[in-house]
Amino acid sequence: MASDVERPRFSSISKDGASSGEIGTEQEPLLKNGSNEVEEYSVVSAILPFLFPAFGGLLYGYDIGATSSATISIQSATLSGISWYNLSSLQVGLITSGSLYGALIGSILAFNVADFLGRRKELIVSAVTYLVGGLLTALAPSFTLMVIGRFIYGIGIGLAMHAAPMYIAETAPSQIRGRLISLKEFFIVLGMLVGYIAGSLLVDIVTGWRYMYGVSVPLSLIMGVGMWWLPASPRWILLRVVQGKGDAQVLRKVAIDCLCQLRGAAIGESAPQKVDEILSELSYMCEEQEATLAEVFQGKCLKALIIGGGLVLFQQITGQPSVLYYAATIFQSAGFPEASDATKVSVLLGLLKLIMTGVAVLVVDRLGRRPLLLGGVSGITVSLVLLGSYYSFLGDVPALAVVALLVYVGCYQLSFGPIGWLMISEIFPLRQRGRGLSIAVLINFGANAAVALAFSPLQELLGAGAVFFIFGGIAILAIIFIFFYIPETKGLTLEEIEAKIL
């Protein structure tokens, strides 16, 4: 292990393209000419490094979908199969939000352990907490143990939502990075849909809620085993090289092996050169020192935090949880009695969310981040104004509310849904990425909890129409923020984003 005084510093690539492999002090930015080379990769080899981290999102979404039906099942005197089914509204709220508050704690934990563990090990720990939390919740003999299980499961959510986008961003080829990270959002929505479907099938079975939560156990096992098999992020390994946290040549070889496993045979003999390019850029960008808390709020990282944190904040405070809260009421008032059952409405909306997320996945690397954000949030603004109008003075036109609801869901999944997670995973500098992204995830879950907590009191005080108009006004502010602050990162490598945008 190199000491703090003897931290290695790789020299830049020599003119003939070979790395000198020496410790040096002179670096030249590889991006000075604005080059943007296409990364060679095998499609088959790129699937698994995305798939197993994406299971973290699938398990997050599944929890949302399953809980909506589990809270119905667990309160049934005949179907719950327990003696403590007569729960108060506060107790139901603890079951529903227990995983959310666990996710907040998971985000805080990630701030301190992410760079030490690395992205891969953090996802393995996440899979273990998913497994323990799912088992404890499904087998809980008492309300207290069930809430503890929900809390532990939530810690897994916080860790997974922090590490998964980082791992995917750092291992994916730049030309499909946006598509793969957006596809993680697709997996979140897919998990929600699977949870809604499982809930609708199991809600009439005795102790059905136990089976609903139990489904997460084999899924978490798949995630854990898959992450154990996958290699570490080469960029994280190389960050340890420039920070002197291991033998430089040994870690460089490990990074080359990991990159070859991630890219497949298509990368050929170019893996060592690619690794040396990343090393040279890390040295040039002065990544030698480990990031401190103060640095997260300075310089490049502060700019990234404003971009990413602002985006995920607007993602929540434009009312996404609250709009879905009114879904069943809107469909019932529109004359769809068969859709008045919450589980059926949820499946319908889940299908729409899945389809629109699929559209975003297909076009994000072709159209770019900014056009989808500006167009999608504009649609969200219109839908919120329509919902406010419906609840204020157009209550006799329920079809308007249905259209507004569907437009909102569709536009959210084209914009905030996938691109919020995409931007926070690629915008932070590598050295501060772990801590910066943990703050962004904390903002996301914190704002979600705040909106969920404040909505009912605001609705009672001001009325639903006024609240939706307020959300619409916030959405207009979001458009202004996106227009002036959100950069276009389409097609850029992570190093190019740091060099050109921050």
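Patches, as the word is used in these legends, are made of residues with over 30% relative accessible area and no salt bridge, and nonpolar side chains are joined within 5 Å. The views below show a predicted model.

**View A. A nonpolar patch on the surface of the predicted model.** Phe297, Leu302, Ile306, Ile476, Leu477, Ile480, Phe483, Phe484 and Tyr485 make up this patch, and together they present about 910 Å² of accessible area. Helices α12 (299-317) and α20 (464-485) each contribute at least two of the residues, with the largest share, 6 residues, coming from α20. Phe297, by contrast, sits in the loop between α11 (293-296) and α12.

**View B. The packing of helix α8 (residues 234-242) with helix α9 (residues 248-263).** The two axes come within 9 Å and cross at roughly 170°; α8 and α9 are therefore roughly antiparallel to each other. On the α8 side the contact is made by Pro234, Ile237, Leu238, Arg240 and Val241, while α9 brings Ala248, Leu251, Arg252, Val254, Ala255, Cys258, Leu259 and Leu262.

**View C. The salt bridge between Arg433 and Glu170.** Side chains of opposite charge can pair when their charged atoms come close. Here the side chains of Arg433 and Glu170 meet at 2.8 Å, N to O, and the structure holds 8 salt bridges. Arg433 belongs to helix α19 (residues 430-462) and Glu170 to helix α4 (residues 143-171), so the pair ties together parts that are 263 residues apart in sequence.

How values were computed
Residues numbered from 1 in each chain as written. Predicted model: local features only at pLDDT ≥ 70, side-chain atom pairs only at ≥ 80, totals over all residues. Heavy atoms only, no water. Axes fitted to C-alpha atoms, helices over the stretch in contact; angles between N-to-C directions. Helix = DSSP H or I, 4+ residues; strand = E, 2+ residues; numbered from the N terminus. Parallel < 35°, antiparallel > 145°, perpendicular 65-115°, else oblique. Contact = heavy atoms within 4.5 Å. Patch = residues over 30% accessible without salt bridge, like charges linked within 9 Å, V, L, I, M, F, W, Y side chains within 5 Å. Areas by Shrake-Rupley, 256 points an atom, 1.4 Å probe, with all protein chains shown as cover. Salt bridge = Lys/Arg side-chain N within 4 Å of Asp/Glu carboxyl O.
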